[in-house]
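Please load the model in a viewer and keep the selection panel at hand.

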Amino acid sequence: MVIDSLHINVGDKIQISRIENSKINHSSQVLDILNEKEYVIAGPIRRSTIVHISINSIIEITYYKENKGKFVFKAIVTEKIEKGIYKLVIKRIGDIKRIQDRNYFRLELSLKVVKRFETKENGVNTILVETCKTKDISGGGVRLFSNYKHELHDKLFLTIYIDNKELDFLGEVVRVIDSSGNEYKYEIGVKFADVISTEREIIIKYIFEQQRELRKKGLI
């Protein structure tokens, strides 16, 4: 499926892989957009060492668009700049295609979630229980509104209520920002860990059903 309208933007995080070795991905970022098909990106660095990619090399660029999914296109390296910040100039040589990864699609949806977090206060282990709401959800994780300021890597136990079902998940906090709303102070991103496949499938099926309804109404 070709999605020509979903181009990368300046500041977007991307993954680079060489065609001859697509199993190795290098993190990068879009630094500038020269035209519809040409971009300046940060040259990949691995363990403080520059990863050399030759001019005329064919590479794949993979990136994620929030609420849209994961996308990929092929590009050719047309210029390499090693003075100062290591940069590559690349030119897209193929269509932008959606990667059919069901875990990546996030649906904005408000669901009830009961969050449990074990902490230590005055030397005593305490379980903090809070009823939260989701901002969005995918097969791989969830964004929650919360009044407790978590730290990165906090381990949470979540009960998510979907279609009269109670789904239990272990999760790890991967993002914490201030909320712009009035009801909750924080917005936290949680990545699911040790997910039972049947429970993940329930979430994915529910997301697809909601998508169908939204499409029928012309909302997406």
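Begin by selecting Tyr184, which is buried, with a relative accessible area of 10%. Buried stands for under 20% relative accessible area, exposed for over 50%, and partly exposed for the range in between, with a 1.4 Å probe and protein chains only. The model is predicted, so that local features need pLDDT of at least 70 and side-chain atom pairs count only at pLDDT 80 or more, while totals for chains, interfaces and linings use all residues. Residues are numbered from 1 along each chain as its sequence is written, and side-chain values use heavy atoms, with hydrogens and water left out.

**Aromatic pairs**

The structure holds 6 aromatic pairs; one of them joins Phe145 and Tyr184, stacked at 6.3 Å centre to centre with 20 degrees between the planes. Rings of Phe, Tyr and Trp (its six-membered ring) pair if their centres lie within 6.5 Å; planes under 30 degrees apart count as stacked, over 60 as edge-to-face and the rest as tilted. Phe145 belongs to strand β13 (residues 141-146) and Tyr184 to the loop between β15 and β16 (186-193), so the pair ties together parts that are 39 residues apart in sequence. Helices (H or I, at least four residues) and strands (E, at least two) are DSSP runs, numbered from the N terminus.

Next, select Phe169 and Phe192. This pair is stacked because the ring centres are 4.4 Å apart and the planes stand at 15 degrees. The pair links distant parts of the chain, with Phe169 in strand β15 and Phe192 in strand β16, 23 residues apart. Are these two residues buried or exposed? Phe169 is buried at 2% relative accessibility, and Phe192 is likewise buried, at 8%.

For a further aromatic stop, select Tyr39, Tyr63, Phe71 and Phe73, which form one aromatic cluster.

**Salt bridges**

Now display the charged side chains. A salt bridge is a side-chain nitrogen of Lys or Arg within 4 Å of a carboxyl oxygen of Asp or Glu, and by this rule the count comes to 8.

Select Lys133 and Glu183, whose side chains meet in a salt bridge at 3.3 Å, N to O. Lys133 lies in strand β12 (residues 124-137) and Glu183 in the loop between β15 and β16, so this contact ties together parts that are 50 residues apart in sequence. Lys133 is partly exposed, with a relative accessible area of 34%.

Move to Arg143 and Asp136, a salt bridge in which the closest N and O atoms are 2.5 Å apart. Both residues are buried.

Then select Arg175 and Glu187, another salt bridge, with the closest N and O atoms 3.9 Å apart. Arg175 is in strand β15 and Glu187 in strand β16, so the pair ties together parts that are 12 residues apart in sequence. Arg175 counts as partly exposed at 38% relative accessibility, whereas Glu187 is buried at 7%. Which residues do salt bridges with shared partners join into one network? They are Lys135, Asp136, Arg143, Arg175 and Glu187.

Remain on strand β16 and select Lys191, which is found there. Lys191 is partly exposed, with a relative accessible area of 44%. Its C-alpha atom is separated by 8.6 Å from that of Leu170, 21 residues away along the chain.

**Surface patches**

Patches are made of residues with over 30% relative accessible area and no salt bridge: like charges are joined within 9 Å, nonpolar side chains (Val, Leu, Ile, Met, Phe, Trp, Tyr) within 5 Å. Helix α1 (residues 197-216) gives the most to the positive patch, with 3 residues. Lys165 is located in strand β15 (residues 165-178) and is partly exposed at 38%.

Finally, select Ile19, Ile58 and Ile93, which make a nonpolar surface patch of about 230 Å². Ile93 sits in the loop between β8 (87-92) and β9 (97-99) and is partly exposed, at 48% relative accessibility.

**The whole chain**

Zoom out to view the entire protein, which has 1 helix and 16 strands. Its C-alpha trace spans about 55 × 50 × 35 Å along the principal axes, and buried residues make up 39% of the 220 residues.

Notes: Areas by Shrake-Rupley, 256 points an atom, 1.4 Å probe, with all protein chains shown as cover.
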